[in-house]
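Take a look at the model below.

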Amino acid sequence: MYQSSEVCGTCTFATQELSSDTILCEKYGQVSRYHHCSLYQFNLTQKQPPKRRILDTSRFSKEDFSIDEE
């Protein structure tokens with residue numbers, strides 16, 4: 001059994017993204033981005049970090065952050 005993160009989209013042998021779901025692999029040719037094989041090697045530079053969420057602070061006031069009990 002393999003971990004779900006061990007897919008061609010993050011492999012060293014994935015050379016080119018042909019479409020949103022297809023990768024060109026040096027070993028197997030055209031494969032699905034979610035394909036998995038025994039030659040998998042993790043490549044940190046191909047991993048896409050999640051987008052940072054932007055906090056909308058315009059709806060807060062100074063009173064929302066004060067700790068004075070009134």
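Rings of Phe, Tyr and Trp (its six-membered ring) pair if their centres lie within 6.5 Å; planes under 30 degrees apart count as stacked, over 60 as edge-to-face and the rest as tilted. By that rule, the structure holds 1 aromatic pair. F60 and F65 form it, edge-to-face, at 5.7 Å centre to centre and 65° between the planes.

This is a predicted model: local features need pLDDT of at least 70, side-chain atom pairs count only at pLDDT 80 or more, and totals for chains, interfaces and linings use all residues. Residues are numbered from 1 along each chain as its sequence is written, and side-chain values use heavy atoms, with hydrogens and water left out.

Confidence comes next. pLDDT is the predictor's confidence in each residue, from 0 to 100. The protein has a mean pLDDT of 79, and 86% of its residues reach 70 or more. Strands are DSSP runs (E, at least two residues), numbered from the N terminus. Confidence is lowest in strand β1 (residues 14-17), at a mean of 79, and highest in strand β3 (residues 29-32), at 88.

Buried means under 20% relative accessible area, exposed over 50%, partly exposed in between (1.4 Å probe, protein chains only). F60 is found in the segment after β3. Its relative accessible area is 35%, so F60 is partly exposed. F65 has 62%, so F65 is exposed.

R33 also lies in the segment after β3. R33 counts as buried because its relative accessibility is 19%. Contact means heavy atoms within 4.5 Å. Not counting residues up to four places away in sequence, R33 touches V7, C8, G9, E17, S20, D21, T22 and I23.

Conventions:
Helix = DSSP H or I, 4+ residues; strand = E, 2+ residues; numbered from the N terminus.
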